[in-house]
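Please look over the structure below. A short report on selected local features follows.

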Amino acid sequence: MFPIPVLQVSAEPTDSDTTPAELRTPELPLQTLAQSTAQDLQPVLPTNDTPIKRSCSTMQPFTTNTRCRHTTLNAMGKEMKGCLVGPMPVEQFLEEFLPPSVIPNYEPLTFSDGTFESTLSALHEMKAYEPFIDTMSSFAPGLSFINTHNHPDTTNCKSFTFQIKPDICVYADGTSPPRARQSSCDVSAAEVIIEFKWDPHHNPFYTPASGPSTTAHFISETDKAMDTLGQIMTHIIRWDREGATVSSAIFYNKEPHLADFFHRYAQALPALRGVDTLVTLASAEEARLARSQLGLSATRHMLKVAVPDVDDTGLITLVFPAPSPVGQSPIGRCTRACPAYDIDNDRVVMFKDSWRVAIADVLPEDAVWACSHNAIIPHIHYRLVLNIVGKQLCEFASSHQLVTAVRDALIAHKDTYHKAGVLHQDLSAGNIVIHDGKGILIDWDLSKLIDIKGARQVTRTGTWQFMSAHLVENEDTTHDVEDDLESSLYVILWVALLWTKTYLTVPARSLLMKQVFEVDELEGVGSSTKSAFLNSRTQLRGDVFIDRKPLDRLILALTELFALRYIVVTREQQDAYDQTCEHMEKTDATNMTFIMNLLKANPAYKLKTDMEILKSHNRIIEVYDFHLQLEGWPQDPPVEQILTSNGKFHAKRCVFTKSLCPSQVELTTSSKRRRVGDN
């Protein structure tokens with residue numbers, strides 16, 4: 001479903017309010033629905049390839065960095081500011097998204113100027129909550145407004161290391177908590193979340209002093225505003241998975257629009273509110289059977305959905321655990337996947353729910369799994385059911401099985417690349433699972449047909465920690481097959497460092513994780529620390545993994561191999577190579593041997609020939625096969641490794657990506673720090 005609506009209520013602006021110069025931003029032009037056509041709102045694509053997307057949902061499942069709560073919220077706000085359209089006139093906003101014509105038995109609003117005077121006269125923010133609730137409740141008798149500012153959600157968000165306690169939660173009557181004034185917070189049942197910001201400088205939006213235009217800007221650039229934007233969106237917002245439409249500012253004590261929003265919302269049917277009506281509560285018996293088959297506790301909340309079968313001739317009824325809240329931005333695919341119980345066929349399947357990118361050149365995942373080139377109409381909300389349920393890569397039975405699983409994924413990658421002409425583009429630790437001892441490469445929904453040139457989206461797909469050094473260092477370069485092959489090294493190294501014993505000290509292991517996987521980019525520049533690691537290999541000069549010499553040898557061999565891509569070729573050497581190639585075309589056979597030897601001595605020639613090796617699936621798979629046949633692989637189940645104990649790094653147990661359900665990122669434990677709970 002769509003994210004629930006979020007409002008910010010502040011001290012009401014006056015007509016004399018002006019916009020401080022420091023709040024103005026040159027980055028996002030004002031757009032209103034009336035002034036913009038669908039073509040106007042299409043993203044401008046890079047001419048070469050899509051730039052890297054370092055979003056919260058992409059990076060957090062694999063990060064080992066601690067992030068301060070306010071730092072994280074600020075980053076999320078900056079991430080979302082480029083995905084906003086507005087301010088849209090509030091009258092038009094209400095007519096577009098809550099039209100009375102589709103609300104059964106709609107009763108118009110009666111509103112008087114000064115209705116919210118008790119809210120505005122409050123001495124400070126917390127004193128405004130109850131007057132607001134008392135006033136707004138009269139306009140929306142079908143909703144319950146609950147003051148939750150001091151009552152955190154301890155059920156849904158218990159895995160968070162900071163408290164989730166919105167100022168006001170709005171519930172539909174009949175949901176928990178009931179309309180009685182019990183101040184409990186349940187974000188899973190909340191229809192709307194309201195956040196009060198009493199300081200105008202906390203407001204991430206403002207109305208341009210010149211009034212609506214196509215060149216004015218409405219997003220504040222202050223840190224406080226970005227913190228607010230990372231928590232909620234001000235005014236009234238209508239979200240989809242690519243961004244949001246922002247209403248214009250509401251003078252809610254003089255104008256009826258805020259009251260009218262809740263008045264209409266209270267009368268609207270669930271589908272108009274953004275509820276996915278295809279998902280329902282499982283019955284007690286269905287839930288009991290599913291929990292038994294899935295190995296879940298008797299208290300786990302269970303949902304039910306029907307999905308069309310492969311031939312679209314019937315429906316498959318699935319019962320699955322309700323997802324838990326996560327601290328990620330609402331934009332993007334919001335992919336959830338988990339084992340589910342197929343009631344009709346009495347079996348456990350893998351259920352994937354996502355908001356697939358609706359672009360003509362982006363294949364649906366079922367088309368890729370079938371290696372099909374048939375045109376399939378793209379869908380926005382997408383559900384996929386697979387008849388296999390794999391284990392996480394970090395649940396390997398032995399390090400030999402870990403390496404085998406990655407090798408198997410490369411074979412699948414090779415077959416799809418050569419037989420179907422599809423490049424996966426996101427080889428990561430979360431996109432390889434183990435099933436019956438074999439590795440399976442999953443999450444194909446953003447793979448790319450190799451005959452498509454140029455960018456398909458504004459941002460590049462992939463997981464930052466596992467991207468090739470070339471992609472990390474060059475933001476706008478083309479994502480090619482050699483990048484995916486190099487990612488296989490980082491998958492093995494990342495899992496091995498976190499789940500096998502090493503000779504490295506805790507600080508040394510933590511530093512290696514940071515240097516290879518947590519590299520930071522300068523805006524528009526990228527980072528060279530990954531290529532520096534490949535070229536130096538100082539951390540790999542001796543044995544790294546205890547009693548695992550084949551694993552040591554494999555990682556060193558792969559590192560040396562992929563380092564060939566990053567040989568430094570000077571401009572003079574490249575010019576000399578080009579001139580020699582031109583001279584070869586004109587020389588006779590008697591001088592060919594001398595010219596060829598001269599050419600081979602040039603580093604540019606070595607780089608060219610090495611790149612042919614690095615593009616070859618067979619050559620990379622041969623390296624894996626050779627080391628898998630070596631003696632000395634132990635039977636070593638995963639053992640969670642400790643990272644630095646000073647609060648900067650933590651290991652994590654559940655390491656599913658956006659493609660698997662219980663993604664978890666461990667972060668520090670103070671009340672002002674954040675942790676992403678299971679997905």
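Where do Phe-261 and Tyr-265 lie, and how many residues apart are they? Both sit in helix H7, which covers residues 257–267. They are four residues apart, about one turn of the helix. Note that this is a predicted model.

## Aromatic contacts

The structure holds 13 aromatic pairs. In one of them, the ring centres of Phe-261 and Tyr-265 are 5.7 Å apart. Their planes meet at 35°. Planes under 30 degrees apart would count as stacked, and over 60 as edge-to-face. The pair of Phe-261 and Tyr-265 is therefore tilted, given its 35° angle. Both residues are buried, meaning under 20% relative accessible area.

There is also an aromatic cluster. Phe-111, Phe-116, Tyr-129, Phe-132, Phe-139, Phe-196 and Tyr-252 form it.

## Pro-141

Pro-141 is in a loop. Helix H5 (125–137) and strand E3 (143–147) are the elements that this loop lies between.

Is Pro-141 buried or exposed? Its relative accessible area is 54%. The cut-off for exposed is over 50%, so Pro-141 counts as exposed.

## Negative surface patch

Which residues form the negative surface patch? Glu-572, Asp-575, Asp-578, Glu-582 and Glu-585 do. Of these, Glu-582 is found in helix H17, which spans residues 571–584.

Methods: Residues are numbered from 1 along each chain as its sequence is written. This is a predicted model: local features need pLDDT of at least 70, side-chain atom pairs count only at pLDDT 80 or more; totals for chains, interfaces and linings use all residues. Side-chain values use heavy atoms; hydrogens and water are left out. Helices (H or I, at least four residues) and strands (E, at least two) are DSSP runs, numbered from the N terminus. Buried means under 20% relative accessible area, exposed over 50%, partly exposed in between (1.4 Å probe, protein chains only). Patches are made of residues with over 30% relative accessible area and no salt bridge: like charges are joined within 9 Å, nonpolar side chains (Val, Leu, Ile, Met, Phe, Trp, Tyr) within 5 Å. Accessible areas come from the Shrake-Rupley method with a 1.4 Å probe; for residues, only the protein chains shown count as cover. A salt bridge is a side-chain nitrogen of Lys or Arg within 4 Å of a carboxyl oxygen of Asp or Glu. Lys and Arg count as positive and Asp and Glu as negative; His and the chain ends are not counted. The place of a charge is taken as NZ of Lys, CZ of Arg, CG of Asp or CD of Glu. Rings of Phe, Tyr and Trp (its six-membered ring) pair if their centres lie within 6.5 Å; planes under 30 degrees apart count as stacked, over 60 as edge-to-face and the rest as tilted.
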